[in-house]
Amino acid sequence: MRKWNKGLGWKLSTEKIVGLYMLCGVIWIIGTDYWLSFSLQQPFQPQNSVKGILYVLITGVLLYSLIRKYMKQVVSAKERELKSEERFRNIFEHANDGIVLFSLDEQNELAYQSSNGLFRQMTGYAEGELQTIKPREYIKLNDRQAAIQTLLQNGSLVEQADIWQKHGYMLAVEINSRLIRTQDRLEIVSVFRDVTDRKHADEVIHFLANHDYLTGLPNKRVLFEELSRHIKNGQMFSLLIVQIDRFKWLRSTLGRTKSNELVVQMAKRLSDALPEACIANRSGDEHFKLLLPKYDSHQAAKLGELLEQTLLNPYRIGNEEIEVDIRTGSATFPYDGDDEDSIVDLAYYSVEHQPSRTAGGKAADKQERLDLRRKVLIERELPLALSRGQLRVVYQPKVDLRTGEMTGVESLLRWSHPTLGEVSPAEFIPVAEEMGSIVMIGEWVLYEACRQLRFFQQRLGPSFTVSINISSRQFMQRYFVQLVQRVIQETDIRPNQLMLEITESIVMNVDFALHVLQELKQLGLRISMDDFGTGYCSLAYLKNLPIDELKIDRSFIRDILSQQQDLNLVQTIISLAHHMNMSVVAEGVESDEQRECLRGLACDMMQGYLFSPPASPEKVLELAGSLQ
């Protein structure tokens with residue numbers, strides 16, 4: 001209506017102007033024609049004025065049309081301008097971000113000019129208050145001058161800042177500013193976006209990325225980054241492991257909720273008790289790792305004792321009072337290892353085998369730590385020993401006690417490590433059994449010994465035999481018989497000259513053992529019972545198993561000359577074996593007296609240092625040649 005009224009006003013004004021023009025024109029034409037007639041003393045002729053009047057009327061109509069058209073265009077442009085301005089004002093006022101116009105004075109200080117409602121809501125100030133307050137009082141930048149210089153150079157800037165609201169609350173914002181250069185001054189249009197929720201979310205994400213969700217302790221990544229940094233810089237530290245004993249039982253007894261609360265309380269005690277520079281980390285449900293910068297082994301042990309005293313106090317979980325048992329162990333860089341894996345592994349080992357902390361026990365403590373360090377290295381290096389060519393097979397001759405001839409050899413595994421030296425099979429075989437790598441190693445030994453058997457038979461005759469020790473884990477493999485058959489075929493050996501040595505522990509599952517041994521016998525192999533008498537094998541089991549040979553353990557041979565019980569036991573084993581059609585091998589023969597005693601007991605064969613220790617294939621051939 002307002003616009004219509006404006007349009008109507010313009011219309012009436014146009015008509016008045018055109019009407020005035022036409023009236024004045026008619027009056028002018030008639031008046032001038034009459035005046036000329038009077039001046040020239042000629043009769044007034046109205047028909048002469050008609051053409052002029054028509055001209056005025058026609059031009060008046062044209063003028064009216066043109067003016068009206070022009071005025072419509074002006075009105076339309078004005079209305080569009082008003083609409084655009086109103087639309088912009090609506091957008092400006094209802095924008096999702098705070099928008100503010102600043103000016104920049106000669107001292108590069110911001111001066112407030114105007115803003116939308118959301119910016120005023122962000123600050124908590126009214127328009128009049130913003131006009132009187134300097135922006136620096138409520139907009140906190142990290143480096144105000146540097147920000148303004150960057151804006152002057154680049155013309156735009158995006159930065160993080162805080163707005164201190166009128167009522168004392170802080171609002172995190174992202175400011176996107178652009179510089180506008182006018183003729184008389186510099187202006188800055190800034191868009192303020194509230195990023196408080198995003199900043200909080202980022203802080204939560206950052207916290208979760210670096211901390212354990214349950215206890216709030218630094219997580220594994222943070223701990224190992226610090227551990228790596230200390231190792232890289234060569235800075236001494238100790239890694240202390242705290243283990244909660246019987247935690248699985250506690251969890252099943254208390255339930256997950258209460259057991260989690262127990263872990264949280266333990267983590268709180270650890271955090272409160274640790275020095276500021278130390279880092280505590282929950283590793284799984286039952287372990288805590290503690291990085292102790294600049295702590296040697298004795299300081300770490302002392303701190304471990306203090307932590308034990310703190311952690312062993314009862315815990316209140318709901319209405320229950322719960323007590324826990326813990327153990328601690330530590331490793332120190334660089335004395336116990338020079339890399340992360342060594343330090344961590346040794347710390348875990350020391351939890352299971354805590355060194356003595358009694359007075360005067362430093363030597364024992366040191367030796368125990370050396371032993372633990374060796375165990376860790378063995379466990380780490382053994383899986384790589386085969387690929388690195390550190391394993392080899394040696395052979396100990398088996399000699400016929402009646403003829404004195406070498407009838408075969410027993411293949412034995414040896415490990416030569418570049419830093420550990422010669423590692424005893426008693427050390428690494430149990431580790432290989434536990435880790436499962438004995439299966440891969442045993443397969444390699446089987447191939448190697450069978451290839452060597454073919455070589456021995458070519459040089460020493462077809463009756464020469466090779467014995468191979470089979471571990472219980474290897475024996476229990478599902479396709480063990482198929483593996484043996486494949487090796488025999490690939491190495492092209494005579495199966496009856498290959499003897500597999502098993503221990504009494506293997507045949508405890510007699511049904512399974514009987515089935516596997518029968519399949520091996522069908523291939524033509526011979527079976528030997530190693531270390532007979534040291535286990536718990538029943539004679540009933542022995543009666544049912546297809547055994548070709550019994551080997552008497554060296555522990556019975558060692559005292560056969562001085563201990564009547566050992567002599568009687570060896571005699572009984574030999575007699576038993578012969579009655580069951582088995583041959584007998586005595587291990588660990590080291591003296592002529594032992595050999596003669598065994599020969600008198602009708603023992604079939606012997607092994608031992610009296611004849612030869614385990615030797616290389618070349619040495620075996622040399623020994624065989626010396627007997628001929």
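1. Strands β7 and β9 run antiparallel and are joined by 7 bridges. One of the facing pairs is Ser238 with Leu292, the latter in β9. The model discussed here is a predicted one.

2. β9 has another antiparallel neighbour, strand β8 (residues 279-283), to which 5 bridges join it. Here Ser283 has His287 of β9 as its bridge partner. The hairpin of β8 and β9 has 3 residues between the strands, and Gly284 takes a positive phi near 75 degrees in it.

3. How many of the residues of β9 are buried? The count is 7 of the 7, so the strand is largely enclosed by the rest of the structure. In a regular strand the side chains alternate between the two faces of the sheet. In β9, His287, Lys289, Leu291 and Pro293 point one way, while Phe288, Leu290 and Leu292 point the other way. Both sets are buried.

4. Helix α9 covers residues 256-273, and its 18 residues should span 26 Å at 1.5 Å a residue. The C-alpha atoms at its ends are 26 Å apart, which agrees with that expectation. Buried residues in α9 include Ser259, Leu262, Val263, Met266 and Leu270.

5. Helix α10 (residues 297-311) has 15 residues. From its first C-alpha to its last it reaches 20 Å, close to the 21 Å expected at 1.5 Å a residue. At the start of this helix, a side-chain oxygen of Asp296 comes to within 3.2 Å of the backbone nitrogen of His298.

6. Which residues of α10 are buried? They are Ala300, Ala301, Leu303, Gly304, Leu307, Glu308 and Leu311. Because their arc around the axis is only 165 degrees, they sit on the same side of α10. An α-helix has 3.6 residues a turn, so residues three or four places apart point the same way. Exposed residues Lys302 and Gln309 are carried on the face of α10 turned away from its buried side.

7. What do the buried residues of α10 pack against? The elements are β7 (237-244), α9, β9 (287-293), β10 (315-317) and β12 (326-333). Strand β9, with 7 of its 7 residues buried, is thus listed among the partners of this helix.

8. The structure holds 32 salt bridges. One of them is formed by the side chains of Arg185 and Glu187, at 2.8 Å from N to O. Arg185 is partly exposed, with a relative accessible area of 34%, whereas Glu187 counts as buried at 12% relative accessibility.

9. Asp325 and Arg246 form a salt bridge whose closest N and O atoms are 3.8 Å apart. Asp325 lies in the loop between β11 (320-322) and β12, and Arg246 in the loop between β7 and α8 (247-254), so the pair ties together parts that are 79 residues apart in sequence. Both residues are partly exposed: Asp325 has a relative accessible area of 42%, and Arg246 one of 48%.

10. Glu381 and Arg388 also form a salt bridge, with the closest N and O atoms 2.5 Å apart. Glu381 counts as buried at 13% relative accessibility, and Arg388 as partly exposed at 47%.

Note on methods
Residues numbered from 1 in each chain as written. Predicted model: local features only at pLDDT ≥ 70, side-chain atom pairs only at ≥ 80, totals over all residues. Heavy atoms only, no water. Helix = DSSP H or I, 4+ residues; strand = E, 2+ residues; numbered from the N terminus. Expected span 1.5 Å × (residues − 1). Buried < 20%, exposed > 50% of the residue type's maximum accessible area, 1.4 Å probe, protein only. Arc of directions from axis to C-beta. Contact = heavy atoms within 4.5 Å. Polar contact = N/O pair within 3.5 Å; in protein donor to acceptor, adjacent residues only side chain to side chain. Pairing = 2+ DSSP bridges. Salt bridge = Lys/Arg side-chain N within 4 Å of Asp/Glu carboxyl O.
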